[in-house]
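User: Hi! Could you walk me through this model? I'd like to start with a residue and its contacts.

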Amino acid sequence: MEKFGGGAAILIVCLLVLAIGAFGRKIEWIINFVLRAVMGTIGIYFLNSFLLTRQISIAVGINPMTVLTSGILGFPGVVVLYGINFFKVL
């Protein structure tokens, strides 16, 4: 049991060091992801509103998965979400 505690402590420290290193060097990745997620969510909201005024019933919901998709993929991710929803409606 004592070996497990020591191994777990070493693993936690290693993961913490890796996380700090990744966070310190790749802060622009995090900022880029957040900006794409926010802009994608705003784009989905306005596109849903626009489609609703045209009586087109293809609306993508805003939830953690759609925000994550638009954050990772950007504008092409938003297009993919609408494409998936379009084929789901058909």
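User: So, what does Leu-81 touch?

Analyst: Leaving out residues up to four places away in sequence, Leu-81 touches Ile-44, Val-60, Thr-66 and Thr-69. Contact here means heavy atoms within 4.5 Å. Before we go on, this is a predicted model, where local features need pLDDT of at least 70, side-chain atom pairs count only at pLDDT 80 or more, and totals for chains, interfaces and linings use all residues. Residues are numbered from 1 along each chain as its sequence is written, and side-chain values use heavy atoms, with hydrogens and water left out.

User: Thanks! Which residues make up the largest nonpolar core?

Analyst: That core has 7 residues in all: Ile-44, Leu-51, Ile-58, Val-60, Val-78, Leu-81 and Tyr-82. A nonpolar core is a set of buried Ala, Val, Leu, Ile, Met, Phe, Trp, Tyr and Cys residues joined through side-chain atoms within 4.5 Å. Buried means under 20% relative accessible area, exposed over 50%, and partly exposed in between, with a 1.4 Å probe and protein chains only.

User: And which elements give two or more residues to this core?

Analyst: Helix 2 (27–53) and helix 4 do, and helix 4 gives the most, with 3 residues. Helices (H or I, at least four residues) and strands (E, at least two) are DSSP runs, numbered from the N terminus.

User: Where does Val-60 lie?

Analyst: Val-60 lies in the loop between helix 2 and helix 3, and Val-60 is buried, with a relative accessible area of 7%. Setting aside neighbours within four places in sequence, Val-60 is in contact with Ile-44, Asn-48, Thr-66, Leu-81, Tyr-82 and Asn-85. Val-60 and Phe-86 are 9.4 Å apart in space, C-alpha to C-alpha, and 26 residues apart in sequence.

User: Asn-48 is on that list. Is Asn-48 buried or exposed?

Analyst: Asn-48 counts as buried, at 16% relative accessibility. Its place is in helix 2, and beyond its neighbours within four places in sequence, Asn-48 is in contact with Ile-58, Ala-59, Val-60 and Tyr-82.

User: Switching topic: how do helix 3 and helix 4 cross?

Analyst: The axes of helix 3 (residues 64–73) and helix 4 (residues 75–89) come within 6 Å and cross at roughly 140°. Axes are lines fitted to C-alpha atoms, for helices over the stretch in contact, and angles run from 0 to 180 degrees between N-to-C directions. The two helices are therefore oblique to each other; angles under 35 degrees count as roughly parallel, over 145 as roughly antiparallel, 65 to 115 as roughly perpendicular and the rest as oblique.

User: Which residues meet there?

Analyst: From helix 3, Thr-66, Thr-69, Ser-70 and Leu-73 meet Phe-75, Pro-76, Gly-77, Val-78 and Leu-81 in helix 4.

User: Nice. What is buried in helix 3?

Analyst: Thr-66, Ser-70 and Gly-71 are buried in helix 3. These residues are on the same side of helix 3, because they cover an arc of only 135° around the axis; the arc is that of the directions from the helix axis to the C-beta atoms. The buried residues of helix 3 pack against helix 2 and helix 4, while the face turned away from the buried side carries the exposed residues Pro-64 and Met-65.

User: What about Ser-70, then?

Analyst: Ser-70 has a relative accessible area of 0%. Not counting residues up to four places away in sequence, Ser-70 touches Arg-36, Ala-37, Gly-40, Thr-41 and Val-78.

User: Last one: what is the phi of Gln-55?

Analyst: Gln-55 has a positive phi of about 55°, although it is not a glycine. Gln-55 lies in the loop between helix 2 and helix 3 and is exposed, with a relative accessible area of 70%.
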